Amino acid sequence: MRKLGHGNYSSSGIGRQNKRILDCLRICEEKCTEIFGNIEKICEENSRKVLKAFIENKVSENHFRVFTGYGYGNIGKEVLNKLVSQIMCTESALVDENFISATHALNVSLFAITKPGDTILSVTGAPYDTLKKTIYGKNTGSLRDFGIKFKISNFKDENFLDLLNNDIKVIYIQRSCGYSLRESLKIRNIESIIKKIKKRSDALILVDNCYGEFVQEKEPTEVGADLIVGSLIKNPGAGIAPSGAYLAGKRNLIELCLNRFAFPGAKLGIGPSKYNRELLMGFYYAPMVVKEALKTAVFAALFFETLGFEVSPKYNEERSDIIQAINFKNRENLLTFCQEMQSTLAIDSFVTPTPWKMPGYQNEIIMSSGGFISGSTIELSCDAPMQKPYSVFLQGGTNFYMSKFSILNAAMRLVNNQ
Ligand SMILES: *Cc1c(COP(=O)(O)O)cnc(C)c1O
């Protein structure tokens, strides 16, 4: 049996390496307190915002009902849309469990707000992998098939400002680094980019907000974004919402997105739903759960840095998403880490993850995940392509103390292997 907890680690007969881990643990716990304090403050501010929205929208038990078929008069959906629109400070929002995930909602939004001949310009490099088929697929119903161009630039050099012209209908910004090694965009970076863009262009600003919700005190829609999209099996679902995505923004844009998601002429707040209660609970718990995930990321960053591994971001850097990259230097370490992490997750702890060739990726990928929601990454999970620099992307953790056990266990195994 695997043993968890400080008690077991510090029992007599502990090896030298384990002593090193325990010393490291003590140093890290001490050093994290200030950063954890900041995370608490952000959580408090977001909690206030969310609770206010529940009260002002008069959320009640009636909203938890199941709606079938056309779902006319789905008051649960109606209140969810209003609640999220208030939380995101927008005119309107579309929240639906029938979105498979954010990829689905992003696909809907990109088609909804463009027409053939338009150009979309991404200013944060190549978008998240799962969108490649939406953008470039051949005879798949992609943007390209419909004559919608997708250009890519990088905000760092600000060259994109020269690319702005009347043909550019949409500026696409990805807040999170996703699975690349660039930095995530902080809200103030997003604000400054948007200000510069708005001076020169009428382009709509669409932000992929995945992994970013409740990490800072504001959302991109509070600093000028016209439309944001996010996944309910990430931050705002809190590990409770079983599926879905949300879109929030200008009323006319949400209407266009609804017309694409459902059908032209559809009204907000129709359609079947079984999980109104879980989606509402997700938003309710999200600020707190994101706080736990952030503590997990900060602790992991400091812990593995102290043990001699490169990490990004560093524990005390400002964050705008919940992703933590750790460079394990070689294949062996990376495998050990992912397998040891899996062995301490609540669900499927007995499974051994192995690298596999996932469609759409060049190299083999290894993933550890053991959550209550399939594929959910607000729950503790990690993914890594089996290639140099052998970095793992660690994210989520709905209970920091449990995450800490997992991290300690994996570290102990890694250090003992070396
Ligand atoms: C996860 C993610 C997506 C896709 O979201 P899914 O819910 O997994 O479809 C898109 N963009 C970014 C930045 C993401 O992190």
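The legends below describe close-up views of a predicted model. Local features need pLDDT of at least 70 and side-chain atom pairs count only at pLDDT 80 or more, while totals for chains, interfaces and linings use all residues. Residues are numbered from 1 along each chain as its sequence is written, and side-chain values use heavy atoms, without hydrogens and water.

**View 1. Helix α10 covers residues 331–342.** Helices (H or I, at least four residues) and strands (E, at least two) are DSSP runs, numbered from the N terminus. At 1.5 Å a residue, the 12 residues of α10 should span 16 Å, and the end C-alpha atoms are 17 Å apart, which agrees. The expected span is 1.5 Å times one less than the number of residues. At the N-terminal end, N330 caps α10, with a side-chain oxygen 3.2 Å from the backbone nitrogen of E332.

**View 2. The surroundings of α10.** Of the 12 residues of α10, 9 are buried, so this helix is largely enclosed by the rest of the structure. Buried means under 20% relative accessible area, exposed over 50%, and partly exposed in between (1.4 Å probe, protein chains only). Among the buried residues are L334, L335, F337 and M341. The buried residues of α10 pack against α9 (276–306), β10 (365–369), β11 (381–385), β12 (391–395) and α11 (400–417).

**View 3. The salt bridge between E29 and K404.** A salt bridge is a side-chain nitrogen of Lys or Arg within 4 Å of a carboxyl oxygen of Asp or Glu; the count comes to 22. The E29 and K404 side chains meet at 2.4 Å, N to O. This pair links distant parts of the chain, with E29 in helix α2 and K404 in helix α11, 375 residues apart. E29 counts as partly exposed at 28% relative accessibility, whereas K404 counts as buried at 10%.

**View 4. The salt bridge between D96 and K77.** The closest N and O atoms of this pair are 2.7 Å apart. D96 lies in strand β1 (residues 92–96) and K77 in helix α3 (residues 75–87), 19 residues apart. D96 is buried, with a relative accessible area of 3%, and K77 counts as buried at 4%.

**View 5. The salt bridge between K195 and E191.** The two side chains meet at 3.9 Å, N to O. K195 and E191 are 4 residues apart in helix α7 (residues 187–200), and are therefore separated by about one helical turn. K195 counts as exposed at 54% relative accessibility, and E191 is partly exposed at 28%.

Technical notes:
Contact means heavy atoms within 4.5 Å. A polar contact is a pair of N or O atoms within 3.5 Å; within protein, one must be able to donate a hydrogen and the other to accept it, and residues adjacent in sequence count only if both atoms are side-chain atoms.
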